[in-house]
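Visitor: I am new to this structure. Please pick one part, look at it closely, and then connect it to its surroundings.

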Amino acid sequence: MKVFFLKKIRPLSLIERQGLIYMQIIRTLHNPLRSLTLSYSNADMDGKEVMKSTLMTRFEDLYELIEPSINMMIHHEQLYLRGSRLPDHPINEAIDDYIASKNNAKIIDEVYRDRLGKGMSVSRMETYNKCPFQYYLKYGLRIYPRIDDSLKPTELGSLAHYIMEKCLDDPEHVHEHAFDYIHDHLEKKYQANMINKFFIDHLVEDMKVNVRVVRNQLDHDSFTVTGYEQPIQGLFGDIPVGGIIDRVDCFEHYMRIIDYKSGDKDLNLDFAAQGFNIQMLVYLDLLKKETKLDPGAILYYSMKRRILTHAIDKKYTLHSAFDLDKYHAQFTMKGYVIDDEKYTVTNACDIASIPINLKKDGTPDKHSHIISQEKLDFIMELITNYITELYEKLRAGNIPILPTKSDNNNPSIYPCTFCDYKSVCLFDVFYNENRLIKSKYLSTLKEEEANEQL
Ligand code: SF4
């Protein structure tokens with residue numbers, strides 16, 4: 001009779017692993033070697049100090065240890081981006097010199113200024129406006145954080161934009177268009193792990209809803225779509241800029257531009273006058289010059305899933321069929337409508353989809369986001385002057401460590417929150433300063449003007 005023993009397989013405990021390593025070392029030391037090279041790390045890739053093994057101390061007692069100078073293959077950029085540094089590396093001096101200058105303007109040497117970029121995209125200018133130092137590391141030195149197989153929000157954003165572009169005229173084939181794109185651009189990441197798959201699959205389902213909602217909005221609207229992903233370029237002031245507008249709609253001699261967003265973005269005119277979220281305003285200005293049409297609206301459509309209302313409405317769960325009419329009003333776009341007292345643009349729009357509430361007499365209430373052409377022109381002039389000055393500073397190589405912060409702690413104005421370069425600039429809240437952005441900038445300007453006239 002044969003007897004079989006079943007051996008239980010389980011991971012080794014820490015003590016068992018240590019024992020195994022010691023055994024390997026003893027075995028190695030019993031071999032007739034002329035020399036033995038041992039290496040150990042004194043910091044991990046996140047820059048945290050790692051304790052030296054007690055084994056090294058024992059070796060120091062037993063043997064004459066020689067410390068060789070060997071250049072090891074180390075990914076310097078990653079090491080520095082994660083807060084660590086190599087002792088005696090020449091780059092340390094450059095970083096320390098830069099940090100020593102703190103908030104004083106640090107001017108980049110002329111020979112390196114070409115690295116600052118020439119034709120500006122509006123989003124790059126916005127990065128420089130938020131933090132010149134972050135701009136320089138990203139677009140000047142091209143230092144990027146490590147890329148792994150996790151999905152980036154920009155990748156999901158590109159997929160969502162693609163679906164909007166392809167499917168508004170072909171709503172029956174959202175799934176097919178989406179997976180064509182995934183196959184060409186995201187296949188590896190889609191297959192890489194279940195979390196990526198989960199997010200992509202859910203995004204495709206959300207986009208089916210978004211396509212239906214936008215088509216429904218257009219059915220109730222007098223504007224018609226004249227362009228998807230429309231490229232635009234020209235001069236803003238004297239600065240060459242360009243970009244892509246997600247959607248352009250026209251009605252009579254009016255045009256409106258729509259930006260698809262994965263979050264809840266809105267247009268804050270006070271911040272825009274100080275160079276924040278100006279992209280759509282710049283595009284509107286370029287399009288106006290190109291087409292000679294009158295600006296009608298700048299709108300942001302949020303593609304974000306409306307989970308909350310589903311969840312709190314007891315009749316509906318996340319898996320219920322989507323009731324288009326019931327939820328239509330939840331997809332009101334943000335932004336501004338540009339109109340006069342005749343309200344021609346307002347009346348031409350599906351009122352549920354624009355940020356305007358009409359009173360009983362048919363005029364917009366005080367919470368409505370509506371501005372006159374005159375006010376828009378005034379803001380555009382402020383932005384043009386601001387951006388021109390900013391561009392001149394950038395071209396002159398002016399790169400201080402001076403991030404912005406709003407006086408009302410608006411998180412979208414504070415670039416340090418999610419910045420990948422914190423470990424390089426070593427921004428210290430007790431030591432460094434922020435450039436303050438005013439949340440009531442336009443009204444302050446008005447007051448100042450009124451005081452001057454007195
Ligand atoms: S952490 Fe703040 S100061 Fe440092 S580079 Fe980033 S945005 Fe600029």
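Guide: Two residues are in contact when heavy atoms of theirs lie within 4.5 Å. The model is predicted: local features need pLDDT of at least 70, side-chain atom pairs count only at pLDDT 80 or more, and totals for chains, interfaces and linings use all residues. Residues are numbered from 1 along each chain as its sequence is written, and side-chain values use heavy atoms, with hydrogens and water left out.

The part to look at is the surroundings of Phe133. Leaving aside neighbours within four places in sequence, Phe133 is in contact with Tyr98, Ile399, Pro400, Ile401, Val424 and Cys425. Phe133 sits in helix 6, residues 132-140; helices (H or I, at least four residues) and strands (E, at least two) are DSSP runs, numbered from the N terminus. The relative accessible area of Phe133 is 7%, so Phe133 is buried. Buried means under 20% relative accessible area, exposed over 50% and partly exposed in between, with a 1.4 Å probe and protein chains only.

Phe133 also belongs to a core. A nonpolar core is a set of buried Ala, Val, Leu, Ile, Met, Phe, Trp, Tyr and Cys residues joined through side-chain atoms within 4.5 Å. The largest such core has 60 residues, and Phe133, Ile257, Ile383 and Ile387 touch the most other members. Helix 15, residues 373-395, gives the most to this core, with 10 residues. Another core, of 41 residues, lies apart from it and has among its members Leu151, Ala160, Cys167 and Ile354.

What is the angle between helix 11 and helix 15? Helix 11 (residues 279-291) packs against helix 15 at about 110°, with the axes 11 Å apart. Axes are lines fitted to C-alpha atoms, for helices over the stretch in contact, and angles run from 0 to 180 degrees between N-to-C directions. Helix 11 and helix 15 are therefore roughly perpendicular, the class for 65 to 115 degrees; under 35 counts as roughly parallel, over 145 as roughly antiparallel and the rest as oblique. Helix 11 brings Leu281, Val282, Leu284, Asp285 and Lys288 to the contact, and helix 15 brings Gln373, Leu376, Asp377, Met380 and Ile383. These residues divide into six nonpolar, one polar and three charged. Here Ala, Val, Leu, Ile, Met, Phe, Trp, Tyr, Cys and Pro count as nonpolar, Asp, Glu, Lys and Arg as charged, and the others, Gly among them, as polar.

Finally, the whole chain. The secondary structure comes to 17 helices and nine strands. Buried residues make up 39% of the 454 residues. Among contacts between residues at least 6 apart in sequence, 70% join residues at least 24 apart. One example in a strand is Gly296, which is in strand 5 and touches Tyr254, Met255, Arg256, Val337, Ile338 and Val345, not counting residues up to four places away in sequence. Gly296 counts as buried, at 0% relative accessibility.
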